[in-house]
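Here is a short briefing on charges, rings and accessibility in one protein model. Please look over the sequence and the fold first.

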Amino acid sequence: MPETAPKVSLISCTDQPERLVAAAARICYSAAEAERILEGLTEEKAADLLDMLGEIGHESPVEHASFTFAIQGVSRSLLAQITRHRIASFSVQSQRYVRERDFEYVMPPEIAGDPEAEDLFRQAMERDQQTYDRLTEILTAKRRAALEAAGTPAEEARRAARKQAIEDARFVLPNACATQMIVTMNARSLRNFFRLRCCNRAQWEIRQVARQMLLQCRQAAPHLFAKAGPACLSGPCPEGKMSCGRADQVRALYGAE
């Protein structure tokens, strides 16, 4: 049973995202006809419009640019967190239709750093796999017998029984069980996501994913995401007494890239 780690790939984004956002901003403040709004919109003018949006806090034009990521090697625990960001689209590998054979899992760094804890964790993963496999066998045999007794052809009964079996057996799988997904967010939602999830107080796994996403967004749209990141990049830490106390380190980490 292999251990895995988060991997993020930006697989698609809006064509010329910064120019599109600038055009959306331009139409709000210009008398030009909509069909001609891109005329003369140079990279420099687009950058000026993006700066203006940031200065006046006008965020809606930013929503017109979207970014799609392939995310793999993450836990079901992360899935529960990332789907709380509701202005996004998610397509996740289904445990109802995909059988977990020798499933990959995510091990927390704190456990990986302790030999006794790591050994105990690996044993738990192996037991979960064994229990899942045995439940699948029991439920498949039970359901297949019932279907065949009702007159369902053998091969059809086998397929239907296996599907129902893994649908129920998955309940014993751990939060550590790895999954993969496609996630699409618009740039405004992404900037909010980075503000929350790049913070040192965010859970370690989603912070790793958010950091990879941010670095790739900065490559695709550097001006649009130049100031994106944890809240302390652009002002005092909003966490109050819960602050990590390392704002200078965080600013150095994200501001230099």
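This is a predicted model: local features need pLDDT of at least 70, side-chain atom pairs count only at pLDDT 80 or more; totals for chains, interfaces and linings use all residues.

Residues are numbered from 1 along each chain as its sequence is written, and side-chain values use heavy atoms, with hydrogens and water left out.

**Salt bridges**

- The structure holds 13 salt bridges; the term means a side-chain nitrogen of Lys or Arg within 4 Å of a carboxyl oxygen of Asp or Glu.
- Side chains of opposite charge can pair when their charged atoms come close.
- One of the bridges joins Glu 59 and Arg 191, at 3.1 Å from N to O.
- Glu 59 sits in the loop between H2 and E2 and Arg 191 in helix H7 (residues 187-197), so this bridge ties together parts 132 residues apart in sequence.
- Helices (H or I, at least four residues) and strands (E, at least two) are DSSP runs, numbered from the N terminus.
- Glu 59 is partly exposed at 26% relative accessible area, and Arg 191 is partly exposed at 24%.
- Here buried means under 20% relative accessible area, exposed means over 50%, and partly exposed lies in between (1.4 Å probe, protein chains only).
- Glu 3, Glu 118 and Arg 122 are linked in a network of salt bridges.

**Glu 155 in helix H6**

- Glu 155 forms a salt bridge with Arg 158, with the closest N and O atoms 2.7 Å apart.
- Arg 158 and Glu 155 are about one helical turn apart, because they are separated by 3 residues in helix H6.
- Glu 155 also meets Arg 159 in a salt bridge, at 3.6 Å from N to O.
- Arg 159 and Glu 155 are 4 residues apart in helix H6, so about one helical turn separates them too.
- Glu 155 is partly exposed at 41%.
- Arg 158 is partly exposed at 33%, and Arg 159 is partly exposed at 49%.

**Aromatic pairs**

- The structure holds 4 aromatic pairs.
- Rings of Phe, Tyr and Trp (its six-membered ring) pair if their centres lie within 6.5 Å; planes under 30 degrees apart count as stacked, over 60 as edge-to-face and the rest as tilted.
- Phe 67 and Phe 225 are edge-to-face, because their planes stand at 80 degrees, with ring centres 5.3 Å apart.
- Phe 67 lies in strand E2 (residues 66-75) and Phe 225 in the loop between helix H8 (204-220) and helix H9 (247-255), so the pair ties together parts 158 residues apart in sequence.
- Phe 67 is buried at 0% relative accessibility, and Phe 225 is buried at 0%.
- Phe 67, Phe 193, Phe 194 and Phe 225 form one aromatic cluster.

**Negative patch**

- Glu 43, Glu 44, Asp 48, Asp 51 and Glu 55 form a negative surface patch.
- Patch residues have over 30% relative accessible area and no salt bridge; like charges are joined within 9 Å, and nonpolar side chains (Val, Leu, Ile, Met, Phe, Trp, Tyr) within 5 Å.
- Glu 43 is found in helix H2 (residues 43-56) and is exposed at 72% relative accessibility.

- Lys 163 lies in helix H6 (residues 154-169) and is partly exposed at 30%.
- Lys 163 and Gly 255 are 49 Å apart in space, C-alpha to C-alpha, and 92 residues apart in sequence.

Definitions and conventions: Accessible areas come from the Shrake-Rupley method with a 1.4 Å probe; for residues, only the protein chains shown count as cover. Lys and Arg count as positive and Asp and Glu as negative; His and the chain ends are not counted. The place of a charge is taken as NZ of Lys, CZ of Arg, CG of Asp or CD of Glu.
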